[in-house]
Amino acid sequence: MNRATPRLRALAALPFVLALAVHLLLFARWRDELPAELATHFSVGGEADGWTGPTAYVLVSTALLLGLAAGWTAFVRRRYLWAAFATAGFAGGLFVQLLRANLVADEFEVVVFSPGMDLGIALSVAVVAAGAGWALTSLVPEGLPVPGQDSAHGPAADGPRLPLASGEIARWSKDTGSRALTVLSVLALAAAPVTLLVATWPDALLGLLGLVIGVPGLALARVRVTVDRHGLTVRSALASRPRVRVPLDGVEGAGVREIDALADFGGWGYRVRAHRTGVVLRSGEALVVRRDGGREFAVTVPDARTAAALLNTLVERHGKV
């Protein structure tokens, strides 16, 4: 597994930039024909039952597209480029169809959003965009290898070691985080009070959802990874909790592995999978610890080789005590 190249990240951001540009240009062109309050929420039958001012609409739609762009730019992998294009195509197509639905003849005309036709058009745009993303994959190199990777299969029994003199004490610590997760968590927290104040029931529940997503997301957006005489500790860089600790007597070995956040753990944050857990903030280099019973714990962090070497040395020293 390789890290994303700058070209791949640029290509992942491209469809969202285009979707935002088209959306804003159409909004500016149709501004005089749009109502003072835009219909943005619809009943099951497609009739409008919720409205938003034009300024708030532009801010929210822009934030959504930029948030999606930030997420895909940070976490994209070469084989998923088509999915980034599909996401941008669907979101952009949906916003354009929403604007078209608001082009009513007069202020008394009912705004209707057709789930079948309008969502179908957005899905069609997504399919075309996905095809374009698939075609552009050939322009992207395979990726940048991470130096110092020990094995694609996990920490070996004879993993790296950090030579320490008898009685010498060493400690390794590094902060690592996800800018995209930080931005998305801050946006969710910022939107929560606004939604709770201005939205009507049951849409106000989205404000609570913002708190549920934003608080733990911000806590895990940046973590501190430490290897010392106590073992491995991973905790939030903002507070002492949440925290994960693997003591030395629970470690069988440590090594370095390339991790794909989606393929290996199904996403980002604190992840639990069969026989393995992890704090995964990005795809790439990770410290992987093999625990008693064969379970693994992984944390994505730069300079993972040094951390693994020190942890292996401390485990050996601890076993001789």
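Predicted model: local features only at pLDDT ≥ 70, side-chain atom pairs only at ≥ 80, totals over all residues.
A residue counts as buried under 20% relative accessible area, as exposed over 50%, and as partly exposed in between.

Select Asp-303 first, in the loop between β11 (296-300) and α8 (304-320). Its relative accessible area is 34%, so Asp-303 is partly exposed. Colour the backbone by torsion and you will find that phi of Asp-303 is near 60°, a positive value in a residue other than glycine.

Next, move to His-275, which sits in the loop that runs between β8 (269-273) and β9 (276-280). Here too the residue is not a glycine, and yet phi is positive, at about 65°. Because its relative accessibility is 60%, His-275 counts as exposed.

Now turn to the helices and select α2 (residues 54-75) together with α3 (residues 81-101), whose axes lie 10 Å apart and pack at an angle of about 175°. Since angles over 145 degrees count as roughly antiparallel, α2 is roughly antiparallel to α3. To see the contact itself, show the side chains on both helices: α2 contributes Tyr-57, Ser-61, Leu-64, Leu-65, Leu-68 and Trp-72, while the residues they meet in α3 include Ala-83, Thr-87, Phe-95 and Leu-99. Sorted by class, this contact of α2 with α3 has eleven nonpolar residues, three polar ones and no charged ones.

Stay at this contact and keep the rings of Tyr-57 and Phe-95 on display, for they form one of the two aromatic pairs that the structure holds. The ring centres of Tyr-57 and Phe-95 are 6.3 Å apart and the planes stand at 85°, so the pair is edge-to-face. Tyr-57 belongs to helix α2 and Phe-95 to helix α3, 38 residues apart, and the pair thus links distant parts of the chain. Both Tyr-57 and Phe-95 are buried.

How values were computed:
Residues numbered from 1 in each chain as written. Heavy atoms only, no water. Helix = DSSP H or I, 4+ residues; strand = E, 2+ residues; numbered from the N terminus. Buried < 20%, exposed > 50% of the residue type's maximum accessible area, 1.4 Å probe, protein only. Axes fitted to C-alpha atoms, helices over the stretch in contact; angles between N-to-C directions. Parallel < 35°, antiparallel > 145°, perpendicular 65-115°, else oblique. Contact = heavy atoms within 4.5 Å. Nonpolar A, V, L, I, M, F, W, Y, C, P; charged D, E, K, R; others polar. Phe/Tyr/Trp six-rings, centres within 6.5 Å; stacked < 30°, edge-to-face > 60°.
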